[in-house]
Amino acid sequence: MTILFILAGVIIVLLFLFKNLKGKLISVAIPQEDSSSEHFLQGKISLLTYNIAGLPQGISAAKLPRKLSIAEIGEKIEPFDIVNVQEDFNYNTAFYSKNLHPYRTDTKGKIPVGDGLNTLSKYPIIEYRRIPWRHCSGPDCWTVKGFTFAQIQLAHQVTIDVYNIHANSSDVARAARARRENFRQLANYINEHSVDRPIIVMGDFNAHYAYKRDNLHEFLLTTGLSDGWVQYLRKGVFPEVIPKFIAQHMLSLNNETESLDKIFFRSSKNLKFQPVDYQVEIQHFTNDEDQALSDHLAVSMKLDWTWED
């Protein structure tokens with residue numbers, strides 16, 4: 001009988017200890033801070049847009065060997081959270097070979113069937129679409145250029161719409177007319193599919209505020225977007241139109257000069273963006289001899305975001 005009392009006492013003690021331990025184990029497995037509002041309602045994202053000059057060797061405007069250079073680009077974009085690239089045509093396998101982003105869009109293919117547009121992200125890409133332009137001119141009609149739509153999840157129940165664009169090139173009248181229609185097509189799509197949504201639009205716009213035939217102001221007005229370069233570095237002051245505009249060489253740009261490659265953003269009622277940095281990436285994307293890896297300079301921007309109920 002004594003033994004039975006001792007066993008019963010041991011069982012009671014063990015049950016008491018297990019109950020306390022169970023509570024402690026649950027609190028460790030599901031930390032309180034993981035479900036706190038602070039964790040989900042604010043954050044930072046770094047953005048990059050880069051035309052990587054992925055046309056076949058021999059017809060690409062970039063001087064360095066394309067396969068090796070594009071593989072190096074794929075490795076060097078790793079620090080950025082969301083990356084849009086253009087002209088990712090013939091060397092996508094090399095581009096992705098050294099890249100560590102967990103979410104990457106599948107290439108549409110080489111020219112002439114591909115659009116050269118891809119998005120890489122450290123956040124889940126939960127929806128993706130490719131839309132071709134309805135207007136083009138000259139060599140831009142030789143492949144299926146256009147824009148893409150991606151919905152990306154920043155946090156639990158917090159998503160943003162990210163657009164990647166490669167507009168019609170050249171400043172001759174016919175090309176500029178096609179480019180204006182590109183922006184109108186994209187604006188109409190945004191106004192139909194991203195109503196009241198937080199948006200990032202970044203890519204190779206092939207357009208300048210300083211060029212009288214471009215309609216970037218119209219595009220911003222009809223979509224409610226803000227230009228990160230203009231808002232952050234120029235304090236809201238747009239470049240003036242230059243009557244006899246001639247674009248600078250793309251590798252000679254810096255933070256003070258307007259680039260073809262742009263990053264636009266728009267807050268929503270609940271999600272607020274605040275730009276905290278903008279850079280024309282002059283040094284980051286070079287080889288060991290300080291030669292640019294593409295015929296464009298990448299453009300980056302950092303945004304703080306806050307969710308407000």
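1. Helices here are DSSP runs of H or I with at least four residues, strands are DSSP runs of E with at least two, and both are numbered from the N terminus. Lys235 is found in the loop between helix 7 (228-233) and strand 10 (261-266). Its phi is positive, about 55 degrees, although Lys235 is not a glycine. Lys235 is exposed, with a relative accessible area of 66%; exposed means over 50%, buried under 20%, and partly exposed in between, with a 1.4 Å probe and protein chains only.

2. This is a predicted model, in which local features need pLDDT of at least 70 and side-chain atom pairs count only at pLDDT 80 or more, while totals for chains, interfaces and linings use all residues. Residues are numbered from 1 along each chain as its sequence is written, and side-chain values use heavy atoms, with hydrogens and water left out.

3. The protein chain has 7 helices and 12 strands. Of its 309 residues, 48% count as buried. A contact means heavy atoms within 4.5 Å. Among contacts between residues at least 6 apart in sequence, 71% join residues at least 24 apart.

4. Glu87 also has a positive phi without being a glycine, at about 60 degrees. Glu87 sits in the loop between strand 2 (82-86) and helix 4. Is Glu87 buried or exposed? Glu87 is buried, with a relative accessible area of 15%. As background, most residues other than glycine have a negative phi, and most peptide bonds are trans.

5. The peptide bond from Ile111 to Pro112 is cis, with omega near 10 degrees. Pro112 belongs to the loop between strand 3 (103-104) and strand 4 (118-121).

6. His166 is part of strand 7 (residues 158-166) and is buried, with a relative accessible area of 4%. Leaving out residues up to four places away in sequence, His166 touches several others, among them Asn51, Glu87, Trp133 and Asp204. His166 and Met202 are 36 residues apart in sequence, and their C-alpha atoms are 9.1 Å apart in space.

7. A nonpolar core is a set of buried Ala, Val, Leu, Ile, Met, Phe, Trp, Tyr and Cys residues joined through side-chain atoms within 4.5 Å. The largest one has 49 residues, and those with the most contacts inside it are Ile45, Ile160, Ile200, Val201 and Phe219. Strand 6 (residues 146-155) gives the most to this core, with 6 residues. Beyond its neighbours within four places in sequence, Ile45 is in contact with residues including Tyr123, Leu154, Ile160, Ile200 and Trp305. A second, separate core has 19 residues, including Ile52, Leu64, Ala71 and Tyr96.

8. Which residues of helix 3 (residues 66-76) are buried? They are Arg66, Ser69, Ile70, Ala71, Ile73 and Gly74. These buried residues pack against strand 1 (42-51) and helix 4 (92-97).

9. Helix 5 (residues 173-193) and helix 6 (residues 216-223) pack at an angle of about 5 degrees, with their axes 10 Å apart. Axes are lines fitted to C-alpha atoms, for helices over the stretch in contact, and angles run from 0 to 180 degrees between N-to-C directions. The two helices are therefore roughly parallel to each other, a label for angles under 35 degrees. Residues making the contact include Phe183, Leu186 and Ile190 of helix 5 and Leu216, Phe219 and Thr222 of helix 6.

How values were computed: Angles under 35 degrees count as roughly parallel, over 145 as roughly antiparallel, 65 to 115 as roughly perpendicular and the rest as oblique.
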